[in-house]
Amino acid sequence: MTELKNVLPDLIKEVVTQTLSAIMLAERDVFVKEHGGMKNGFYERSLDTTIGRLEN
């Protein structure tokens, strides 16, 4: 049980990071389709949470 408590925050952080990445990429695809293939750029982002900083 103690090992799970140690691993769980990292696992949650990874799942949230991957989910946010998928959402942002999907939003970018929608933007590109709506604006005739014109891209507006893409840059790294971070989000501070109670379990630590999420980098993307």
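In which helix is Thr17 found? Select residues 2-34: this is helix α1, and Thr17 belongs to it. Helices (H or I, at least four residues) and strands (E, at least two) are DSSP runs, numbered from the N terminus.

Before going further, note that the model is predicted, that local features need pLDDT of at least 70 and side-chain atom pairs pLDDT 80 or more, and that totals for chains, interfaces and linings use all residues. Residues are numbered from 1 along each chain as its sequence is written, and side-chain values use heavy atoms, with hydrogens and water left out.

**The whole chain**

Colour by secondary structure. The protein chain has one helix and two strands, in the order α-β-β from the N terminus. Of its 56 residues, 9% are buried; buried means under 20% relative accessible area, exposed over 50%, and partly exposed in between (1.4 Å probe, protein chains only).

**Thr17**

Now centre on Thr17. Its relative accessible area is 17%, so Thr17 counts as buried. Display the side chain of Thr17, which reaches the backbone oxygen of Lys13 at 2.8 Å. This is to be read with the definition of a polar contact: a pair of N or O atoms within 3.5 Å; within protein, one must be able to donate a hydrogen and the other to accept it, and residues adjacent in sequence count only if both atoms are side-chain atoms.

**The hairpin**

Select residues 46-49 and 52-55, which are strands β1 and β2, paired in the antiparallel sense over four bridges. Strands pair if DSSP finds at least two bridges between them. Two residues lie between β1 and β2 in this hairpin.

Which residue in β2 stands opposite Thr49? It is Gly52, which is partly exposed, with a relative accessible area of 24%.

**The salt bridge**

Finally, select Arg53 and Asp48. They form a salt bridge, with the closest N and O atoms 2.8 Å apart. The term requires a side-chain nitrogen of Lys or Arg within 4 Å of a carboxyl oxygen of Asp or Glu, and by this rule the count is one. Arg53 is partly exposed at 42% relative accessibility, whereas Asp48 is exposed at 53%.
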